Amino acid sequence: MEKKKSRERIIIKTSVIGIITNILLAAFKAVIGLAVHSIAVVLDAVNNLSDVVSSVVTIIGTKLAAKAPDRKHPMGHGRIEYVTQMIVASIVLYAGIASLKESIKKIITPTKPEYTTVSLVIIFIAIIVKLILGTYVKKKGKEVNSGSLIASGSDALFDAVLSTSVFITAIFFIITKISLEAYLGVIISVIIIKSGIEMFKDGLEDILGKRVDIETVQTVKEIVCREPEVHGAFDLDLHNYGPDRLIGSVHVEVNDTMSAGEIDALTRRIQSAVYKETEIIIESITIYAVNTTDEEVKAIRDEVEKLVLAHEDVLSIHGFFVDKENRLMRFDYVTSYDSKDMDKTYMKIEEELGDKYPDYDIMIVRDYDLS
């Protein structure tokens with residue numbers, strides 16, 4: 001709980017710093033832009049104001065996401081942060097489209113800028129400030145795993161690049177008396193729109209649910225397999241209910257000789273260890289029994305594994321068990337998402353095993369490559 005409160009404080013503090021900085025930058029740039037008749041500088045000021053709105057939205061989203069779970073939302077409100085990220089992306093998109101519209105107007109009806117030494121100094125200072133702000137915000141965003149902060153930091157660093165292009169254009173105008181302001185405004189607007197689309201896409205992917213990163217998967221499986229009774233961990237399925245809340249399940253193979261009491265103790269140790277080291281909640285653990293005393297069954301497993309893995313779209317098999325007395329065989333196999341026809345592969349495996357082991361009832365479960 002304290003960690004979550006600390007995360008919330010960091011996000012809010014960082015966002016407030018961004019708000020104050022962007023308001024000051026927007027004010028300076030607006031005054032300078034209007035004074036020297038520079039559309040690029042004015043658009044830069046508007047972009048800073050959009051950053052202010054984005055930071056305000058980030059604060060509101062963080063406060064809402066931090067609400068405790070309730071009857072309607074038992075998994076908490078953490079996913080609100082992803083909605084916030086999409087709202088921030090929408091603001092960036094709107095700013096980009098509005099900037100594009102104004103830039104096109106200036107191309108049709110051009111005005112000559114009138115840069116002064118003071119205006120150039122302020123633009124240069126704005127570049128430095130944005131570089132520092134962007135680096136700071138992005139770093140804090142990564143520290144607390146906040147998509148909104150990371151997006152805001154990236155946007156600030158991008159603003160520094162845009163301000164640098166404005167500065168270069170101003171120098172070019174002073175030397176050549178050729179104004180590229182409006183054309184630069186179009187380029188800036190297009191890049192802002194592209195950035196907004198990418199931010200929106202990232203937020204949408206988080207809401208839809210995307211694959212957990214391989215480092216997290218490896219860490220959890222390593223913790224699970226640390227238990228000496230576990231032969232292997234499979235089908236790790238983690239669901240994201242916010243940047244700091246992962247809940248899921250895992251399947252493990254254990255000896256068929258373990259008692260219910262021993263399995264109960266094992267699953268509780270696994271759940272406790274995973275949460276203690278990663279703060280990931282393993283809600284359920286499915287147990288696969290492994291034949292340990294019958295050499296004939298081990299030979300059957302080797303044959304079945306060879307047959308199933310001969311199919312190029314099959315990645316692995318697990319949960320293999322044979323009940324010789326009742327003539328039952330069961331196992332799961334993991335299929336690749338690149339498979340051209342998953343159903344065809346399944347039916348082919350079923351057919352091949354049916355021919356090879358006609359006196360067995362065979363139960364095959366097709367798993368997907370979740371992790």
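User: What is a nonpolar core?

Analyst: A nonpolar core is a set of buried Ala, Val, Leu, Ile, Met, Phe, Trp, Tyr and Cys residues joined through side-chain atoms within 4.5 Å. The model shown here is predicted, and its largest nonpolar core has 22 residues.

User: Which residues touch the most other members of that core?

Analyst: Val-41, Tyr-115, Val-166, Ile-188, Ile-192 and Met-199 do. At least two residues of this core come from each of helices H2 (39-65), H3 (80-108), H4 (117-144), H5 (147-176) and H6 (181-208).

User: And which helix supplies the largest share?

Analyst: Helix H5 does, with six residues. There is also a second, separate core of 20 residues, and Val-217, Val-230, Leu-238 and Ile-282 are among them.

User: Changing topic, which residues make the nonpolar surface patch?

Analyst: Ile-104, Ile-107, Ile-108, Phe-172, Ile-178, Leu-180 and Tyr-183 make this patch of about 640 Å². Its largest share, three residues, comes from H3.

User: Where is Ile-104 found, and why does it count as partly exposed?

Analyst: Ile-104 is found in helix H3. Its relative accessible area is 41%, so Ile-104 is partly exposed, a class that lies between under 20% for buried and over 50% for exposed.

User: Now the sheet: what is the order of its strands?

Analyst: The order is S1-S2-S3, in an open sheet of three strands with mixed pairing. Strands S1 (232-240) and S3 (281-290) stand at the edges with a single partner strand each, so one side of each has no neighbour in the sheet.

User: How many bridges join S2 to S3?

Analyst: Nine bridges join S2 (residues 246-255) to S3, and the two run parallel. Val-250 has Ile-285 in S3 as its bridge partner.

Technical notes
Residues are numbered from 1 along each chain as its sequence is written. This is a predicted model: local features need pLDDT of at least 70, side-chain atom pairs count only at pLDDT 80 or more; totals for chains, interfaces and linings use all residues. Side-chain values use heavy atoms; hydrogens and water are left out. Buried means under 20% relative accessible area, exposed over 50%, partly exposed in between (1.4 Å probe, protein chains only). Helices (H or I, at least four residues) and strands (E, at least two) are DSSP runs, numbered from the N terminus. Patches are made of residues with over 30% relative accessible area and no salt bridge: like charges are joined within 9 Å, nonpolar side chains (Val, Leu, Ile, Met, Phe, Trp, Tyr) within 5 Å. Accessible areas come from the Shrake-Rupley method with a 1.4 Å probe; for residues, only the protein chains shown count as cover. A salt bridge is a side-chain nitrogen of Lys or Arg within 4 Å of a carboxyl oxygen of Asp or Glu. Two strands pair if DSSP finds at least two bridges between them.
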